[in-house]
Amino acid sequence: METHIFLAFFCAWICLSVPMEFCIAADSIRMDQSISDGETLVSSGQSFELGFFSPGSSNSKYLGIWYKNTPQTVVWVANRNNPITDSYGVITITHNGGLVLLNQTRSVIWSSELQWVPENPVAQLLDTGNLVLWDNSSEISKSYIWQSFDHPSDTMLPGMKVGWNLKTGLQRNLTSWRSDDDPSPGDFSYKIDISILPYIVLGAGSSIKIRSGPWNGHEFNGVHLLNNSVYNSIFVANKDEVYVLYETTSNEVITRVTLNHLGSVQRLVLNQGSSEWDVLYSIPNDVCENYGHCGANGICRIGKAQICECLTGFTPKSQEEWDTFNTSGGCIRRTPLDCQEDGFVKVTGVKLPHLIYVHVIMAVSPRECEALCSNNCSCTAYAYTNINGSSGCLMWSGDLIDIRELTSETGEDIYIRSNNPELESNTPKKKKKLVIIIVISTFSGILALGLAVWFISQKKRIMATDQERKGENIELPLFDMATIATATDNFSNTNRIGGGGFGSVYKGRLSAGLEVAVKRLSKNSAQGVQEFKNEVVLIAKLQHKNLVRLLGCCVQGEERILLYEYMPNKSLDYFIFEFGYMSPEYVIDGHYSVKSDVFSFGVLLLEIVSGKKNRGFSHPDHHHNLLGHAWLLWNQNKALELLDACLDDSCVTLQVLRCIQVGLLCVQSLPAERPAMSSVIFMLGNEGVTLPQPKHPGFFTERSSVDKYTISEKMELHSENAVTISMLNGR
């Protein structure tokens, strides 16, 4: 008995002689007990510690929780907005059962918010890092009156929920520190948005920095979960709560998620026995994770040389900005939707666009989902996906923002509305539209490519000749002037069948009865002997069954004459106009190259689409030729106005636009800027290829405002800028 009295007296003396922290349970305090600056609570497993600290170089004091073994790693702060400026802070439990933080003047710096008053409150630091307040008077359950896990700072610990309590309206977010020295709430937040469908948001102020796609029943679309032995992620969505949390799966590793003051979310791990945290992953991990990096109606593909591209049927809103890698302006439709023959382009394996102006319909089939979108003219895209364990239809209206290509299995399929009907259905009429364009484009491309290849192979054989000698080394029959004069009845006007910048063309009959077309260089033309020599050599070498055959020439005094095969049923020119349109470098300098053929092909392509000739083209609003007209329409996003009216009901819009763009690329003023014919064929045959924007075409200068007949007459007399192709029509 005396021994028991002695022990009781000894313990009382110890409690009066040593600091309070040794006189209470190491992990908790009760009513009227307190923790002062310099004292701490330590969880039962020695994992976490609660007390006062000063972050970085700051002198202010905060009540916080940190890892016992790494005190510099603070995971929770109570008084983030209201620091204590001295060393007299105290945390205690008041008579109403709540936790309060007091300063030297006993003013309340911070307090817990309680829904009801407990009889015997206890504040305890758990080994999970959660500071809880519970009522010790209940022997049956230990439900929490308040807990720090409901009020996170910048760190998510195992078992901590980030999300919503739908019954109470409580939202649990992570919020970054202002800086390493200031734990007050910073600009960045990590939360779950439940406005339409649940998705994760990393916010920057009131804006979105990064977002996931919606929950698809297995994971958040666009969020790739690492296969690991450290943690498991859990998502819960029911009538009471919507939240994410994670649980640890290894006792050898400690892990946490932190939102730092720079706006990055990091998963960190600490191996047993180590004092250094390692970064397991960091978000954002690449530029495609940044919200709307490619702007509206763009798609971000991290594996491509050109990361941002416009969705099919769209074009950059500002090509100048895109050329400087500023893609935030996004893309706009090439042509408006007509809600009549619209189809859908399937884009696979992507993060679905932001759920702005989206309509959710449950319990429908994929075909019904497509029909619902197709019948709604404001629907711009749809996706059929798993929504909270059930299949559903998502329908977007307006712009599509923040789409990225995914390399993992987290990608979803989305169907983008397009005004290209061929994409979804191929009726006989639509097939006919496609065949017309493909046949004409392919035939013309192969023809021009063949001419270019033939010219290159023969180029080395063309030797310089004496400009004033009578056709020396030209390898063509030479006719004397008397023979030609006799054949044309001395160049009688009754035999004149055409004319051009080069001069006049006459029908003639040689003594053997052969009918010929005689092209006579005008004496007033500014085109010289060199240009004449070039034409003779080129046409002599580049023979083709669809081109008028050159039979001979005459060079005598000031006379320069070419004799062509006469075409009584009209030449290919009658059907495809001026296939031989010469390029600016040939007209001006007499230089000819494979890029001259490309220019000619571009003129042909634009003439096919428009149904109009380049030469003699007129427009009431300007005085440009067909090339200039096409260029003006392209820059005004009105390229489809170039289309021949007779093709309106028998064309594929995207095919037409591609032909116009390729044609403009071919007729660019500088030869170096024109594509090679092999590239032209590739561009015409591959719709998925993104084409460069064309620059201004050759001959992009307005003509004088005189009628076309006056222009033709003047070009006969002054052909400095005229093309040397005459129109040969049978009489």
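In the predicted model, helix α9 passes helix α11 in a left-handed crossing, that is, with the near helix turned anticlockwise from the far one by less than a right angle. The axes of α9 (residues 594-610) and α11 (residues 653-666) come within 7 Å and cross at roughly 150 degrees; axes are lines fitted to C-alpha atoms over the stretch in contact, with angles from 0 to 180 degrees between N-to-C directions. Helices are DSSP runs (H or I, at least four residues) and strands likewise (E, at least two). Contact (heavy atoms within 4.5 Å) involves, among others, Phe 599, Gly 602 and Leu 605 of α9 and Val 656, Ile 660 and Gly 663 of α11.

Residues are numbered from 1 along each chain. Local features need pLDDT of at least 70 and side-chain atom pairs pLDDT 80 or more, whereas totals for chains, interfaces and linings use all residues, and side-chain values use heavy atoms, without hydrogens and water.

Asn 103 lies in the loop between β8 (99-102) and β9 (108-111). Asn 103 counts as buried because its relative accessibility is 17%, buried being under 20% relative accessible area with a 1.4 Å probe, protein chains only. A polar atom of the Asn 103 side chain lies 2.9 Å from the backbone nitrogen of Ser 107.

Note on methods. Buried means under 20% relative accessible area, exposed over 50%, partly exposed in between (1.4 Å probe, protein chains only). A polar contact is a pair of N or O atoms within 3.5 Å; within protein, one must be able to donate a hydrogen and the other to accept it, and residues adjacent in sequence count only if both atoms are side-chain atoms.
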